[in-house]
Amino acid sequence: MLVSAGTCWMRLELQRTVAMTNTDGNGVHAGALDGLKLFEMLRRMLRIRLFEERVYRMIYDGQVPAGGHLAIGQEAEIVGACMAVRDDDYMTGNHRSHGHPIGKGARLAPLMAELLGKRTGVCRGKGGSMHLADFSCGSVGESGIVGSLMPVAVGAALSARLRGTDQVCLCFFGDGAANCGPFHESLNLAAVWRVPVVFLCENNGYAMFTAQAQTTSVVDIAQRASAYNMPGVVVDGQDVLAVHAAVSEAVQHARAGRGPSLVEAKTYRYKGHSDSYGDVEPVYRPENEIRWWEARDPIEIFSTRLLEARRASQENLDALRAEVQAEVEGAVTFALQSPTPEPHELFEDLLV
Ligand SMILES: Cc1ncc(C[n+]2csc(CCOP(=O)(O)OP(=O)(O)O)c2C)c(N)n1
Ligand SMILES: [Mg+2]
């Protein structure tokens, strides 16, 4: 009963959001982005999707020691946001953030090796799925403690300002995190100090097995921005261009020294909360809800738009998918063949 109330609410919300933020007739913001960037957006979304699907299979084969939380279905909000910032800008994630460094341009092989706990991983195998950082693309860190990277994002942005650079920090967090203390503390301090952070709420409608409507005082989490005197905007998280446009505006605001913004992307995860090996989840989402969201698949939507706007041919799309598939398989081979760390390495790279 409660779940179906949540379902109905989510559909209405998404329909309202789509109406508010839809792109132009072809679904492509004419002139805003060149063909190469559009194609790169699709490439990164495909990288995330195929990487995560491969990780999913490897989890159930027992090859990923700690399991993982997958973001399949959320690719558009990740890539739309990450491609609205520069390579030298910072980014923080959460427990569901394999895809976020990929969105920001990370190489797949060291990321896959990290998930397998290998020495060649981005954190030399010590971070794993939930605690990885990839400094090569500005990914400062991720954490299994919900909300805990939000103050870190404020710190990264503050450091940029103190060093006199114009870097910004893109801070990803979930709808569940928006009900935790660090959300409120971080938004407040970021606003008081006017630091250049873009808070990106990935509202996938659930915190573990609980629908947002059952736990949250507001319909749109972006409403909370007004409590902290910053701009707040809701965007269709399945539309990569809409997210890109909203985050670009927030980034411009931050770089101009005008402080933080809150962008809420309405999205959905197709897989369970966690795909840790052996995890059995309760039934908390109706099948028809999952099917409804799958019909709004971000990669399908964007591919169709590129075809309709004649920005790509079907052959281009097929070739891109094959290229990314090969890249993912290359990453798997690299990770499987890489050595595991020696026991003494446990005490290296520690700051005490
Ligand atoms: C401080 C804290 N409380 C509770 C948990 C258990 N937990 C792990 S993920 C999660 C849900 C987070 O939901 P959300 O922020 O919406 O992110 P999503 O998983 O939907 O991407 C919870 C409650 C935790 N890891 N840390
Ligand atoms: Mg959530």
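In β4, Val198 is the bridge partner of Leu170. This bridge belongs to the pairing of β3 with β4, which runs in the parallel sense over six bridges. The model is predicted, and every value below is computed from it.

**Strand β4**

Seven of the seven residues of β4 are buried, so the strand is largely enclosed by the rest of the structure. Side chains in a regular strand alternate between the two faces of the sheet. In β4 both faces are covered. One side carries Val197, Phe199, Cys201 and Asn203, and the other carries Val198, Leu200 and Glu202, all of them buried.

Asp175 sits in the loop between β3 (169-174) and α7 (181-193), and Asn204 in the loop between β4 (197-203) and β5 (206-207), so the pair ties together parts that are 29 residues apart in sequence. Asp175 and Asn204 are both buried.

**Ligand 1**

There are 14 residues around ligand 1, and those that come nearest are His95, Arg96, Gly144, Gly176 and Tyr206. The shell divides into six nonpolar, six polar and two charged residues.

| Protein atom | Ligand 1 atom | Distance |
|---|---|---|
| His95, polar side-chain atom | oxygen | 2.7 Å |
| Val146, polar backbone atom | nitrogen | 3.1 Å |

Taken alone, ligand 1 exposes 580 Å², and the protein buries 73% of that.

**Ser97**

Ser97 is placed in the loop between β1 (90-92) and α4 (99-103). Ser97 has a relative accessible area of 0% and is therefore buried, the cut-off being under 20%. Its side chain takes part in two kinds of pair. A polar atom of the Ser97 side chain lies 2.8 Å from the backbone nitrogen of Asn94. The side chain of Ser97 also makes a polar contact with the side chain of His100, at 3.4 Å.

**Positive phi angles**

Most residues other than glycine have a negative phi. Met208 has a phi near 55 degrees, a positive value in a residue other than glycine. Met208 is found in the loop between β5 and β6 (210-211). Its relative accessibility is 45%, so Met208 counts as partly exposed.

Asp349 likewise has a positive phi, near 60 degrees, and is a residue other than glycine. Asp349 belongs to the segment after α11 (314-337). With a relative accessibility of 57%, Asp349 counts as exposed because the value is over 50%.

Terms used: Residues numbered from 1 in each chain as written. Chains lettered and ligands numbered in written order. Predicted model: local features only at pLDDT ≥ 70, side-chain atom pairs only at ≥ 80, totals over all residues. Heavy atoms only, no water. Near = heavy atom within 4 Å. Polar contact = N/O pair within 3.5 Å; in protein donor to acceptor, adjacent residues only side chain to side chain. Areas by Shrake-Rupley, 256 points an atom, 1.4 Å probe, with all protein chains shown as cover. Nonpolar A, V, L, I, M, F, W, Y, C, P; charged D, E, K, R; others polar. Helix = DSSP H or I, 4+ residues; strand = E, 2+ residues; numbered from the N terminus. Buried < 20%, exposed > 50% of the residue type's maximum accessible area, 1.4 Å probe, protein only. Pairing = 2+ DSSP bridges.
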